[in-house]
Amino acid sequence: MLSIVKSMALNGLNGYLISIQVDISNGMPYFEIVGLPDTSVRESKERVKTAIKNSNIEFLSRRIVVNLAPANTKKEGSSLDLPIAIGILIANGVIRNKHLESFLKDTIFIGELSLDGTIESVSGILPVCIEAKKLGIKRIILSEKNAKEASIISGLDILSTSKLSEVIEYLNGKIPLKKEKKSNFFIDNEIKYEFDFSDVKGQENIKRALEIAAAGGHNCLLIGSPGSGKTMLARRLPSILPDIEFEESLEITKIHSVAGLLSEQMPMILKRPFRSPHHTITPASLIGGGKMPKPGEISLAHYGVLFLDELPEFKKNTLELLRGPLEDRKVTISRLNMAITYPCNFMFIASMNPCPCGYYNCKEKECSCSQEQIKKYINKISGPLLDRIDIQIEVQSVEYQKLQNSRKEETSEIIRKRVNHARKIQIQRYEKYHIFSNSELTPQLIEKYCNIDSKCKNILEIAFERLGLSARAYSRILKVARTIADLDNSSNIETSHLAEAIQYRSLDRKYWGS
Ligand SMILES: Nc1ncnc2c1ncn2[C@@H]1O[C@H](COP(=O)(O)OP(=O)(O)OP(=O)(O)O)[C@@H](O)[C@H]1O
Ligand SMILES: [Mg+2]
Ligand SMILES: [Zn+2]
């Protein structure tokens with residue numbers, strides 16, 4: 001007898017329908033899965049067989065052929081175990097129900113089986129549910145560990161259990177399955193941040209620069225001696241980023257779902273991500289990769305922050321890989337017969353010491369490095385990468401008195417209010433271009449929205465001469481000036497806005513100038 005059961009697989013961030021056809025006939029004992037399965041689907045055979053046996057059902061020694069359609073896609077993972085098992089049990093008559101045929105048309109099964117018949121969770125449930133809903137599927141049957149994640153999407157019945165045997169009894173009309181309520185994670189949860197800017201004494205100018213970076217989504221480099229507070233400051237950035245929209249939260253959650261990084265109880269990401277990989281990270285973990293390419297750190301940082309602490313410690317080749325994604329805000333990973341694109345629209349924040357000993361330009365301590373050493377160190381950061389950074393700031397240690405000062409510092413909440421206001425202006429202004437921030441302005445849009453008068457042009461000209469700025473710094477300065485004007489609620493870029501933006505390029509000559 002032939003049975004057809006529906007499931008889903010993933011292609012990047014999108015789910016697609018898979019039809020599992022099982023044919024059982026008399027003949028020599030035989031069990032094969034066809035339709036381009038990779039090794040993990042082949043291993044699925046053993047798990048399915050044993051899980052069925054351990055659910056106290058005889059695994060009939062007959063000729064079983066399982067076909068996974070469409071055949072021309074490469075399926076991966078163990079998520080097809082459950083539907084394969086159900087297909088077999090329908091084909092051999094263990095599951096019998098006169099309403100079965102119409103029921104199966106509207107139902108998706110997904111889940112890994114362990115040998116004892118437990119249904120385990122799988123990654124990528126959110127994109128699967130999004131696609132299922134689009135296709136008009138009515139219900140999804142999965143592991144109870146995946147139920148909360150599935151319930152982010154409304155309009156699907158989420159039926160869950162931890163045992164294969166219970167799915168069988170359910171399909172035979174003997175017991176009900178637990179139905180998950182629609183979740184409201186996005187509305188119900190209050191967002192708390194781990195660190196707050198009020199912990200940072202002094203450093204008003206750095207806080208101001210980070211506020212501008214957050215408001216306009218600008219990439220930012222912090223240079224300063226050891227202990228000056230670079231890491232401390234960067235870690236507080238998430239607390240002043242613009243509030244997240246539901247659509248953004250959903251997209252971030254999809255990426256983390258596919259990467260298998262969601263928590264079972266709270267499977268929706270409600271804060272902009274802050275990813276801070278170690279400098280030993282491999283290119284594949286940073287950019288994305290693997291046999292079935294998984295999202296890398298740059299995609300996990302989508303709509304949030306990628307923080308590379310101690311930038312020169314990273315391998316030069318690894319850093320160079322960031323150039324494309326920083327520009328395109330998406331990354332394509334190619335493999336034999338397929339290419340997967342993941343979004344990676346992140347804010348890039350990096351920190352570094354100014355020299356190998358760390359004390360070049362430091363007020364308190366003498367630098368012991370030669371010019372040669374400093375140059376070599378600084379040049380680990382290539383020009384093209386530097387060109388993608390809008391704001392550079394030199395961090396000096398705060399004086400002892402300031403650290404002792406009991407003056408109340410501004411909280412992140414207050415800063416975030418200003419950031420939110422400035423970001424709203426940008427979202428409205430760029431609505432028809434589908435961009436959210438000044439940092440995303442193209443040359444054409446810069447021309448349109450970053451107009452400056454002759455006074456400003458003069459200032460810019462002088463600055464270029466004095467600071468020896470590169471032509472590429474020009475558009476960066478205008479974008480940052482636009483953000484400063486937005487924070488100031490000013491429709492025009494004024495001289496004060498421009499002058500401040502220029503300051504954030506002043507390290508070009510100091511460190512990278514010839
Ligand atoms: N402005 C400040 N207000 C309060 N504490 C500070 C401030 N600056 C530094 N500190 C203290 O000094 C510690 C060291 O700072 P942090 O680790 O951020 O320095 P860093 O610049 O990253 O140094 P390194 O180059 O060694 O990584 C902080 O954890 C904090 O306790
Ligand atoms: Mg540090
Ligand atoms: Zn030094």
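Helices (H or I, at least four residues) and strands (E, at least two) are taken here as DSSP runs, numbered from the N terminus. The model is predicted, and local features need pLDDT of at least 70, side-chain atom pairs count only at pLDDT 80 or more, and totals for chains, interfaces and linings use all residues. Residues are numbered from 1 along each chain as its sequence is written, and side-chain values use heavy atoms, with hydrogens and water left out.

Most residues other than glycine have a negative phi, and most peptide bonds are trans. A cis peptide bond, with omega about 5°, links A69 to P70, and P70 lies in the loop between β4 (63-69) and α2 (81-91). Y303, which is not a glycine, has a positive phi near 60°; its place is the loop between α12 (297-300) and β15 (305-308). N489 is likewise a non-glycine residue with a positive phi, of about 60°, and sits in the loop between α21 (471-487) and α22 (495-503).

Burial was classed by relative accessible area: buried is under 20%, exposed over 50%, and partly exposed in between (1.4 Å probe, protein chains only). Y303 is buried at 16%, whereas N489 is exposed at 54%.

Turning to the cysteines, a disulfide is a pair of cysteine sulfur atoms within 2.5 Å, and a search of the whole structure finds zero of them. C220 is in no disulfide, and the nearest cysteine sulfur, that of C450, is 18 Å away. C220 is buried, with a relative accessible area of 0%. For C362, the closest cysteine sulfur belongs to C357, at 8.8 Å, which is too far for a bond; C362 is buried as well, at 12%.

Definitions and conventions:
Chains lettered and ligands numbered in written order.
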